[in-house]
Amino acid sequence: MQATTSTHTEAAHSHEHHHDPGFLRSYVFSTDHKVIGIQYGFTALAFLFFGFLLMMCMRWQIAKPGVPIPIVGGMLEAMLGDVAKGGVMSPDLYNAFGAMHGTIMVFLAVVPLAFAAFGNYVVPLQIGAVDMAFPRVNMASYQCFAAGGVVMFVSFFIPGGAAQGGWTSYSPLASVIPTNGQTFWLIGMVLLITSSLLGAVNFIATVIQLRAPGLTWMRMPFFTWAQFVTAFILLLAFPPLEAAGILQLVDKVFGSSFFLPTGLVVSGKPYDVSGGGSPLLWQHLFWFLGHPEVYVLILPAMGVISEIIACNTRKPLWGYKSLVYSVLAVGFISFIVWAHHMYLTGMGTKISTFFQTTTMIISIPSVIILTCLFMSLWGGSIRFNTPMLFSLAFLPMFGIGGLTGLPLGFNFSDLHLHDSYYVIAHFHYVVAPGTIFALFAGIYFWYPKMTGRYMDETLGKIHFWLSLVGMNLVFMPMFFQGLYGMSRRMSDGGATYALTNPANEGVVTALTTTVMKLNVFVTHAAVLLLIAQVPFIINVFMSMFNGKKVESDNPWQATTLDWQTPTPPPHGNFTKEIVVYRGPYEYSVPGHPTDFTPQNAPEPKLAK
Amino acid sequence: MEIPYTVKPRPDTGLYNAKLGIWLFLASEVMLFGGLFSSYILLRVGADLWPHGMLSIPIGTFNTFVLIASSVTVVMSWASLKLGKLASFKLYMALTIACAFGFLGVKSYEYYVKFTHYDVWFKDDATAQKYFIAAYGEKGEADVRKQFVERFHLHNTKATYDPHEIQMAGHLQGNPLFASHKTLAKAKTEKIMFDPDPKFGSHDHPKAIEVLVSDVKRMSAYVPAHSTYFAIYFTITALHGLHVLGGALVLGYFLLTADKWWKKAPEQFANRIEVGGLFWHFVDLVWIFLFPIIYLL
Amino acid sequence: MSHDHSHSHGPGEACDHGHAHDDHNSPEYIQKTIKKYMMVGGILFAGTVLTVAMYFVHIPSVPITIAVALLIASVKAAFVAGVFMHLSDERKMIYGILLCTVFFLIGLMGLTIWAMHDPPMQTLIDGKPA
């Protein structure tokens, strides 16, 4: 049985001949949302690992500036030449790794994994649909993403190397660096943005149009709600960045001055361009996307966690309506808070206050969501399997990340904390032990549906505990380093500004030896974090062949429609017409024979 | 099992999938062009000097008529389909595509005219004075300076631009594309023959003058690198032009495959034309704002 | 060659509702609509002529000039959107999406312009500039 639109001539053929589409059509050029989801998943995980490795090189440099990186240093020199002479990262290379670590993690790893991979695989299943609304657009979206990834990856190897101006690519620096890494970055971004836009259109149309009969809006699983809002954010927030990217590309390639001010002096010489542009314009356009982007990073994660918590506490989510209204509010308000990333650009008090106010307001629905998730644990019959462990850890980790954002949201405290390691700690807490833990949880949770086998629980628990400890050891010290005044993006880890530097004798604000020692501590913790991922990587591949087979199509005994399919779901997903009779979290309903009642199951006979 | 609502609309939304999809896409396009328009506003409000009257209004108006006509013909082609008239559909669709390429042709001409038009800034006021007098005569020189101040300060009362730092507009002999003071330096040229423009509003062509490259501080064609005025003009119109081209190609594909589709799935075909038409109307909509903002204001 | 008469014109049609609308696919309705399209085309042409004519009328106030230009453009745009794009026939879903878009666009434009024109206060010591 093939799921295709009525226009596909192949549908007519396959009904008659059931011909095998072949390897390429089934696995490379597939329009099936599950295959595309897995393609996104593997590509994103590969980039996640690559971004991690970039960071490991940077951490070495921070802890031991000027010392050749063991093992890897030689490889870097062989591949990249002079920028890694002697196996030591030059400051330029450090900047390139820094910019690309951010870009890759945000745009090539976390968003594709959280939104495109999980969303593509699970959302059509959860709404009882046969596929996404536009399967070929879906395939195009993956191909655009892959192309963007190739461009970004290749940029490391061109003369001059990859982009060096930070993932935020501020002009004038980004425009005046004479090499082509920035141009590659911009082209890569245009491809990635196009991919996201195509995906967003698909998700929204699918959720609006293809819900099964009986699946009203308020019966939708929270995961789908979260993905729906995320899609809207991507749809409307990305285009201004695409506009800005085009403008910066014209600046680089055609020598215009959109973001270059009059009178710019570069390396002591007046820069020969027309001038008249505004660097602030780039910042506004960038952060107009940049802020909603962080909600794109967190909302799917909250969705994943919600499904896992409901299932593993055997009770409904607490405050479903509050969750839904809060996620809608977060999505909406996220568009008008962006300039809290720009408090130090010389904005006046009125506009500053406006953005502070909206920033404080948006924390309310975020806290409501977290509270509902915490409350959902109360009175639950908790099953401490690996996905649940990651989900439970998400809650306090996201709590720390969110709360530490408050001083950054107020401009008076942000004056001190802006561009310091405090900021790095804050956002990594939200994304790393926050979102990434949620994504790990999702992988462990949906793996049995995709493969028919469980992932190994022992390896999973090792992965969990080591990662939890590692994450905290890496990022908690950074709060203190930042509060102390240590700036971001210093290729020598701050050695120039440290007390250990004789030039800084008697300077009150020089970085203390404690701060510098923490650099080394954090690097060791990062190594622990790297090692912690090994059981996970082994588990993902090994369990495909050796994992314990599932006992049924619904091994976690969940209520949502994604668990009411064969394992793995075939083309067309469902073997019978789906009609939904109840809400998504009918767990432990009094009188029902089992402690869960699937959404599409007929009305059960109540116990006497 | 097939994906529902690809042809028939879903009752509660009243939409078939592709129509919802295209409106969502258009919403994102509104944000894209909106971002560019915001940039235009910011650059213009913050500029010392913003030129006026540099774009040909007759040509722009003609292009506006062409696009409006194409909007009418594309909706007529859809209406023809709904009435079952395939031949009529094909005629109107062909007209639409012809209008599209007409628009692009005119635009290319406009671009070419700009790329061969030059501004020269001289290294100091005295040198500039010398060349202006050589081109326009003593009285002419004062006129030209006055005109420049009036034209370019027309909508910007806070200008701090020194009216003595004006540039001379004109053409280079041989009409090269994209020459600049940098290319002149590279080629080690010592002098160029420069054809100054007539005074604004007149048709008296001054004689060509010889200009020493060493007297030139900067020379630029009317290209993105010239000023933020041209940078935003080219970027916005080029992006719009790409949308015109893309739309024309898609509509062309529909036209070429019309017979096959009409026989196989006429209702779905009509929907596709409607969706394509919606995109086309959006392209027209952008131009409806673009034309007055960029050309007239 | 036939086409299904019941629902091919997307907006607002569902035969199980008692709709007061005419059948959007009857030849008479389409004929009337064609006349409407032609009329709107004419209005758009006229609007363009008006826009260009306004260029030659010199209004002393800059904000009014901009407002007039944008007003004429908006009226033309409303006709294209409402009639050619059938927006006046569509239901809440599309309106909702477009409303959100316009709100965010105004936010982008307005807040960015405000941010770049609200300068910081001077530092004051004892009420006098530092």
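Predicted model: local features only at pLDDT ≥ 70, side-chain atom pairs only at ≥ 80, totals over all residues.

Reader: How are two packed helices described?

Author: Two packed helices are described by the angle between their axes and the distance between the axes. Take helix α3 (residues 86–115) and helix α6 (residues 228–256) of chain B. They pack at an angle of about 155°, with their axes 10 Å apart.

Reader: What orientation do α3(B) and α6(B) have to each other?

Author: Angles over 145 degrees count as roughly antiparallel, so α3(B) and α6(B) are roughly antiparallel to each other. The crossing of α3(B) and α6(B) is left-handed.

Reader: Which residues in α3(B) meet which in α6(B)?

Author: On the α3(B) side, they include B:M93, B:I97, B:F101 and B:L104. On the α6(B) side, B:V244, B:L245, B:A248 and B:L251 are among them. By class, this contact has 13 nonpolar, five polar and two charged residues.

Reader: How do the residues of the contact of α5(A) with α9(A) divide?

Author: In α5(A), A:F115, A:G119, A:V122, A:V123 and A:Q126 take part. They meet A:F223, A:T224, A:Q227 and A:T230 in α9(A). The contact has four nonpolar residues, five polar and no charged.

Reader: Now interfaces. How is the size of one given?

Author: The size of an interface is often given as the accessible area lost when the parts come together. Here we count residues instead. Chain A puts 40 residues into its contact with chain B, and chain B puts in 36.

Reader: Which helix gives the largest share of the side of chain A that touches chain B?

Author: That is α9(A), with 11 residues. Each of α8 (181–209), α9 (222–254) and α10 (279–313) of chain A supplies at least two residues. By class, this side of chain A has 25 nonpolar, 13 polar and two charged residues.

Reader: How many residues of chain B are in contact with chain C?

Author: There are 44 from chain B, and they touch 48 residues of chain C. On chain B, α1 (17–45), α2 (57–82) and α8 (266–296) each supply at least two. This side of chain B has 28 nonpolar, 11 polar and five charged residues.

Reader: What domains is chain B divided into?

Author: Domain 1 takes 17–113 + 228–296, and domain 2 takes 118–221. Their C-alpha centres lie 36 Å apart.

Reader: What pattern does chain C follow along the sequence?

Author: The order is α-α-α-β-β. Chain C has three helices and two strands. Of its 130 residues, 23% count as buried.

Reader: Last, one residue. Is A:A339 buried or exposed?

Author: A residue is buried if 20 or more other C-beta atoms lie within 10 Å of its own. A:A339 has 26 within that distance, so A:A339 is buried. A:A339 lies in the loop between α11 (320–333) and α12 (349–375) of chain A.

Reader: Beyond its sequence neighbours within four places, which residues is A:A339 in contact with?

Author: They are A:W287, A:M347, A:I351, A:F355 and C:A115. As for distance, the C-alpha atoms of A:A339 and A:G290 are separated by 9.9 Å, and these two are 49 residues apart along the chain.

Key: Residues numbered from 1 in each chain as written. Chains lettered and ligands numbered in written order. Contact = placed C-beta atoms within 7 Å. Helix = DSSP H or I, 4+ residues; strand = E, 2+ residues; numbered from the N terminus. Nonpolar A, V, L, I, M, F, W, Y, C, P; charged D, E, K, R; others polar. Buried ≥ 20, exposed ≤ 12 C-beta atoms within 10 Å, placed from the backbone. Domains from an automatic or database assignment. Axes fitted to C-alpha atoms, helices over the stretch in contact; angles between N-to-C directions. Parallel < 35°, antiparallel > 145°, perpendicular 65-115°, else oblique. Left-handed = near helix turned anticlockwise from the far one by under 90°.
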